[in-house]
Amino acid sequence: MRKNFGAKPMCYPMPVYIIGTYGADGTPNAMNAAWGGISEETEISICISAEHKTTENILARKAFTVSMATEAYVAACDYVGIVSGNKEPDKFTRAGFHAAESAFVDAPLIDELPMALECRLISYDPESCRLVGEIVNVSADESVLNEDGKVDPAKLRPIVYDPMNRHYLALGEKVGNAFRDGLALK
C-alpha cells in the first residue's frame, strides 16, 4: 500500500547545487539550491526566488556558475544556503571558499568544489522563480577525473538532498550500465 503525501517538492535524488556569482563590487557570493536540473542539451533551470542576493547578482552580471556540492564540504555548502548574502556580504569567505575567475563567464569558480557548470543567463521569471542558464562550459579539476579524462563520481563525491528527511546523502556505488543493461530485455 502507498502513502500519499500530497503535492510537495519531493524528488529523489535532488542534486545540491552551489550557485556562484559576483556582486556589484566584485565580491564573490554563493548560495545552496536544490530545486533544479538540466532542461535542455546546454541549459540548466533552477528555482531561485527574487529576494536572494544571488538573483540580484545574476540579473546584473548575466552570468553564474553551478558547482556540485561535495561530501568534503557539506558544512560549507549548507552554510551558504542558510545564511543570506543580503545580511552577510562575506559569507563566501566565511564558508572557507576561495574564488577563481572563469574564463567563460563573469562569475566565480569555487576552488574547493571541483566540478562546475559555467553559465550565461538566458532568462529569469520572478513570478515562477525559474532561472534558466546556458551552459557554456563544464570544468572539472583533474583530481576528480578517471584514467579516460572523464569525471569520476567516486572521486568527485557529490551529495544529494533528501527533501523529506532534510538530510544530505552521499551517492552510492555503481549498480548498472546506462543504455546497455536494458538491451537484455529487447
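Is Cys47 buried, exposed or partly exposed? Cys47 is partly exposed, with a relative accessible area of 32%; here buried means under 20% relative accessible area, exposed over 50%, and partly exposed in between (1.4 Å probe, protein chains only).

## About the model

This is a predicted model, where local features need pLDDT of at least 70 and side-chain atom pairs count only at pLDDT 80 or more, while totals for chains, interfaces and linings use all residues. Residues are numbered from 1 along each chain as its sequence is written, and side-chain values use heavy atoms, leaving out hydrogens and water.

## The two cysteines

Let's stay with Cys47 for a moment. Its sulfur lies 5.0 Å from the closest cysteine sulfur, that of Cys129, which is too far for a bond. Cys129 counts as buried, at 18% relative accessibility. Searching the whole structure turns up zero disulfides, a disulfide being a pair of cysteine sulfur atoms within 2.5 Å.

## Overall shape

The protein chain has four helices and 12 strands. These are DSSP runs numbered from the N terminus: helices are H or I with at least four residues, strands are E with at least two. The radius of gyration of the protein chain is 17 Å, close to the 16 Å from the globule rule for 186 residues, so the chain is as compact as a globular protein of that length. That radius is taken over C-alpha atoms, and the rule is 2.2 Å times the number of residues to the power 0.38.

Along its principal axes, the C-alpha trace of the protein chain spans about 55 × 45 × 30 Å. Of the 186 residues, 40% count as buried. Among contacts (heavy atoms within 4.5 Å) with a separation of 6 or more, 58% come from residues 24 or more positions apart.

## The seven-stranded sheet

Seven strands make an open, antiparallel sheet in the order E3-E2-E6-E9-E10-E5-E4; two strands pair if DSSP finds at least two bridges between them. Strand E3 (28-33) and strand E4 (36-40) are the edge strands, each pairing on one side only. From one strand to the next, the twist averages 35°. Within the sheet, five bridges join the antiparallel strands E6 (residues 63-68) and E9 (residues 115-125), and Ala63 stands opposite Arg120 in E9.

Helix H1 (residues 53-61) packs on this sheet, touching strand E2 (17-22), E3, E6, E9 and strand E10 (130-140), and its direction makes about 55° with that of E2. Helix H2 (residues 74-82) lies across E2 and E3, running at about 95° to E3. For these angles, axes are lines fitted to C-alpha atoms, for helices over the stretch in contact, and values run from 0 to 180 degrees between N-to-C directions.

## Nonpolar cores

A nonpolar core is a set of buried Ala, Val, Leu, Ile, Met, Phe, Trp, Tyr and Cys residues joined through side-chain atoms within 4.5 Å. The largest has 21 residues, of which Ile19, Ile44, Phe64 and Val66 touch the most other members. E2, E3, strand E5 (43-47), E6, E9 and E10 each supply at least two residues of this core, with E9 giving the largest share, five residues. A second, separate core of 13 residues includes Ile18, Ala30, Ala76 and Ile110.

## The three-stranded sheet

Three strands form another open, antiparallel sheet, in the order E1-E11-E12. Strand E1 (14-15) and strand E12 (167-170) stand at its edges with a single partner strand each, so one side of each has no neighbour in the sheet. Two bridges join E1 to strand E11 (residues 159-162), and Pro15 stands opposite Val160 in E11.
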